[in-house]
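Dear colleague,

Here is the structure I said I would pass on. My notes on it follow below.

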Amino acid sequence: MSGPGRELDYAHVNRLVLRTLTPPGRAYWTLVALLAAMVAAGASTWMFQVWTGLGVTGLRQPVMWATYITNFVFWVGIAHSGTLISAILFLFRSRWRTPVYRAAETMTVFAVMTAGLFPLIHLGRVWFFYWLLPYPNERGLQPNFRSPLVWDAFAVSTYLIVSVTFLFLGLVPDVAAARDAARGWRRRFYTVLALGWHGTVEQWRHFSMAYLLLAGLATPLVISVHSVVSWDFAMAQLPGWHSTIFAPYFVAGAIFSGCALVLTLLIPVRRLLGLEEAITPWHFDSLAKVILLMSLVVTYSYATESFIAWYGNNPFEKTTFWLRAFGPYAPLFWTMVACNCVIPLLLFSRRIRRSLRALFVISLFINVGMWLERFVIIAGSLSTNFMPSQWAFYRPTWVEMTITGASFAWFLLWFTLFAKFLPIVSMTELKEGIPWLRQAHEETEARAA
Amino acid sequence: MTEGLRVTALFPDEGTCVRGVEAVRRAGVELTGVFSPFPCEALHHALGQRRSPVRLWVLLGGLTGCLSGFWLTIGLSLAYPHVTGGMPIVSIPPFVIIAFELTILFGALSGLTGFLVHARVPRLDPEPDYDPRFSEDRFGLIVRCHPAHGALLEAALREAGATEVRHDRA
């Protein structure tokens, strides 16, 4: 073998990954400062909204859920790919997940952290947020466990805690490796995070069992979380929301958008951190196949939803779906169809699945398409409810757009910090998967030849 | 514990380390530590380790979470008997969702606790026999034996494939 995979051995894996943790340069800190400034702009805008009231948003009757709830659903969805790649594919012993799962898992945690902000941002009086928590109280507020919003609070909080636990557990041996190679304050930092891990076979025995069982617990959890999020809508008697296919439809959409964002982030990160040897075109090809499959499932869901609206012959349902395609939100709907159903079909071509530029561009389209999908479902369905006299066109204001933009900056800020201070690729699993990585390099070389 | 000599042997891979374990077993001396840079099934088998009790922590945590979920939802609903949507006060189907989420939550946290307890972390004092190469590319065995057995043991470990063998006073 003569290519980049020829040097792959245990020590080389450590060098490859620990190289990503070298002190960052000026460009990195400029990016961090830029993202922090955008987050600060979002926080100031939110303060303005809290001070002035929700009237500064575009929320008017009948559209009282719109951009903020779209962002909530979008970010919870983004989180799902991380659990798919790290937990579900771990249980299936998938070979290609090894170098990409840590980045995806990290995304899960930061995406849920971002999503969790939006129910609070959406509150008119955020200082009373604890009224939403179901506990016995002297205010006579009923803890209503029959409400999907309460299920949501439990599901998303559980998801965040379990995702952090899973990420942290997987990090421990890698942080210990970073500790052993680091000096100065970094060594002290990694020493605390490594918890005194020394890689004894006894420790590995308990680690492997804990990791396996956490993966087993995370798998039904991830499916439940977006199902519960979808029931926020499906439980309501609103045309366009009240549908039995919402749970699988939302879970598929979540994995679809999440995997697309993994591509969007991982393609530049691989280049910037010099991880070409760890993450090969074969890994991107495999990820693209998952995206293609999910695109087909999402397309099928759109078709089923529309077919049932027509076949059910409910005039309200039919009108909602007609207006979705030909009403005021039609441009957004057709953009969504193009981004989620048509453009991903390019992934049937192996050449495109192996072209990182093409994948990056396609992933951006999918991100846009999936955000629009949530917006069309949420705001579009509310704007044309049962009473035509109530119909109204919702348009986000600068406040909502600034906060939405800041949420992306908030997510990227955390991810950027993580990528430079903690191992973004699992050394432990990469060492276990060296034969498969060598095979991936050989295959890439054979194709290039 | 045998007094005298501590022998540290470093191996380049899993297979040679397993042979080293077998050599130590044949020599009848005390194996006090085995290190590896990643989890190895073959080493677990060679050492005759049983499955980790962390699974019991997860099971008990999960059961506690499930019962807590039903206790919380049924108890609070009975404490606030307010009919909504024409549904019974104790509506089991929606309560299953809360119980399910708490099953996962308690199971995961309990599993993490079980890992911390059994893996004996966190700890800040360093493992005395630890070599930083164990987190990089070396598998290691630590053996305590009588000083008179040191040379024979070293020969056996080198024959098994050890690339480095060190002797220290225990």
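**Notes on the model**

A:Pro62 sits in the loop of chain A between α2 (26-52) and α3 (67-91). Helices (H or I, at least four residues) and strands (E, at least two) are DSSP runs, numbered from the N terminus. The peptide bond that leads from A:Gln61 into A:Pro62 is cis, with omega near 5°.

Before the rest, the conventions. This is a predicted model, in which local features need pLDDT of at least 70 and side-chain atom pairs count only at pLDDT 80 or more, while totals for chains, interfaces and linings use all residues. Residues are numbered from 1 along each chain as its sequence is written, and chains are lettered from A and ligands numbered from 1 in the order in which they are written.

Chain B has a cis peptide bond from B:Val121 to B:Pro122, with omega near 0°. B:Pro122 belongs to the loop between α4 (92-118) and β3 (139-145) of chain B. B:Arg120 lies in the loop between α4 and β3 of chain B, and its phi is near 55°, a positive value in a residue other than glycine. B:Arg120 is partly exposed because 15 other C-beta atoms lie within 10 Å. On this scale a residue is buried if 20 or more other C-beta atoms lie within 10 Å of its own, exposed if 12 or fewer, and partly exposed in between, with C-beta atoms placed from the backbone.

In chain A, phi of A:Leu195 is near 60°, again a positive value in a residue other than glycine. A:Leu195 is in the loop between α7 (184-193) and α8 of chain A. With 19 C-beta neighbours inside 10 Å, A:Leu195 counts as partly exposed.

A:Leu273, in the loop between α9 (246-272) and α10 (281-312) of chain A, is buried, because 20 other C-beta atoms lie within 10 Å. Apart from neighbours within four places in sequence, A:Leu273 is in contact (C-beta atoms, placed from the backbone, within 7 Å) with A:Thr20, A:Ala419 and A:Ile424.

As for the interface, 46 residues of chain A are in contact with 54 residues of chain B. On the chain A side, the elements that give two or more residues are α1 (10-18), α6 (148-181), α8 (201-234) and α16 (427-432). The largest share, 15 residues, comes from α8(A).

Regards

Note on methods: Contact = placed C-beta atoms within 7 Å.
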